[in-house]
Amino acid sequence: MSAAQPAAYLGSTRAVAEGTQFDQTRLTRYLEAHVPGFRGPLVVEQFEGGQSNPTYLLITSDHRYVLRRKPAGVLLKSAHAVDREFRVTRALFEAGLPVPEPLVLCEDEEVIGSIFYVMRHVPGRVFWDPQMPDLSRDDRAAIYDSANATLAQLHRVDYAALGLDDFGRPGNYFARQISRWSRQYEASRTTDLPQMDRLIEWLPGAVPDDGDRSTIIHGDYSFHNLIVHPTEPRVVAVLDWELSTIGNPVGDLTYHMMEWFRPAGVDVRGTLAGADLAALGIPSAEDYAARYRDRTGFDVDPIHPFYRAFNLFRVAAILQGIAGRARDGVQTDAKAVEIITRIKPLVAAAWREAQAAGAS
């Protein structure tokens with residue numbers, strides 16, 4: 001399967017898509033009453049992408065804000081929980097972690113038709129292509145080091161001290177994740193993929209013994225969810241906390257490190273596989289893992305092929321959720337069809353990694 005050439009940056013906006021509009025006058029009145037300093041008139045644009053929770057840029061004469069809402073339609077249980085996003089980002093912001101400042105959570109569906117929250121807009125660059133082709137070697141090295149340090153900082157947070165001890169269930173993270181995404185795949189199934197069925201059967205008994213510590217984990221820690229300073233090579237905000245929970249930090253680390261191992265053609269973000277990392281200024285996977293271990297003190301082995309199989313499986317299940325919403329007529333993004341075509345090659349790649357880890 002061939003993939004489109006990845007864009008250098010994310011964050012562009014467009015007119016609000018058909019089916020995702022809302023009453024802007026009612027929203028303006030609500031925000032004027034609940035966000036200090038908010039004053040209309042209001043211009044609303046929609047961020048490109050947003051396959052899960054539609055995301056909008058709110059522009060006033062003085063400030064910019066970002067709104068995230070639940071999508072329309074019948075939703076899978078626990079999916080699209082913007083109230084959870086608001087809760088965790090508020091706690092992390094107050095603790096000094098690099099997240100956008102959350103301003104208000106609205107659970108009154110009468111305002112725009114669904115639950116939503118608003119946060120302060122953080123200017124910067126969001127990279128789609130992990131090779132960051134237009135940057136200098138030194139800037140790439142610094143951004144990768146900052147991403148590593150930010151992830152380590154998150155995993156060292158005392159979540160109980162932040163009032164997040166009930167944010168997820170400690171222990172058995174990979175078993176719970178495999179069960180969750182297996183259920184989502186079955187609930188959203190649109191075609192039969194025998195290799196996915198084999199993965200669902202094999203994964204639960206193949207989890208490596210990397211310890212079972214529990215931390216706050218982001219769940220989708222990748223460069224497309226990191227805002228880098230407009231001119232400096234450092235991470236200033238982590239976005240999209242929809243999949244965050246209490247879990248094994250190895251889950252975050254190994255998902256993030258798919259940048260090094262992702263097979264070509266299964267994701268439009270591209271891959272570092274086969275790239276001249278030394279020339280790019282990007283550390284090897286082994287060196288990147290070592291930096292993380294030094295910063296956290298966690299003795300982990302994120303290079304094990306089980307994790308590549310698991311993460312490819314997980315992404316395939318997430319995309320299958322999009323396929324299910326398209327089947328049910330509630331997926332409105334025009335890119336959904338292209339995304340759905342990636343499920344089968346993702347599953348095939350996951351099975352190859354599973355075989356490398358001993359599956360047969």
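Which way does H4 pass H10, in a left-handed or a right-handed crossing? Let's work through that and the packing around it. This is a predicted model, where local features need pLDDT of at least 70, side-chain atom pairs count only at pLDDT 80 or more, and totals for chains, interfaces and linings use all residues. Residues are numbered from 1 along each chain as its sequence is written, and side-chain values use heavy atoms, with hydrogens and water left out.

**Exercise 1. Describe how H4 packs on H10.**

Step 1: H10 covers residues 305-327, and its axis comes within 8 Å of that of H4, crossing at roughly 30 degrees.

Step 2: That makes H4 roughly parallel to H10 (angles under 35 degrees count as such).

Step 3: H4 passes H10 in a left-handed crossing, that is, the near helix is turned anticlockwise from the far one by less than a right angle.

Step 4: For the contact (heavy atoms within 4.5 Å), H4 residues including Phe 174, Trp 181 and Tyr 185 meet H10 residues including Phe 306, Phe 310 and Arg 314.

**Exercise 2. Now do H4 and H5.**

Step 1: Helix H4 (residues 173-188) and helix H5 (residues 194-202) have axes 10 Å apart, at an angle of about 150 degrees.

Step 2: H4 and H5 are therefore roughly antiparallel (the label for angles over 145 degrees).

Step 3: Here too, the crossing of H4 past H5 is left-handed.

Step 4: Ser 182, Tyr 185 and Glu 186 of H4 touch Met 196, Asp 197 and Ile 200 of H5.

How values were computed:
Axes fitted to C-alpha atoms, helices over the stretch in contact; angles between N-to-C directions. Helix = DSSP H or I, 4+ residues; strand = E, 2+ residues; numbered from the N terminus. Parallel < 35°, antiparallel > 145°, perpendicular 65-115°, else oblique.
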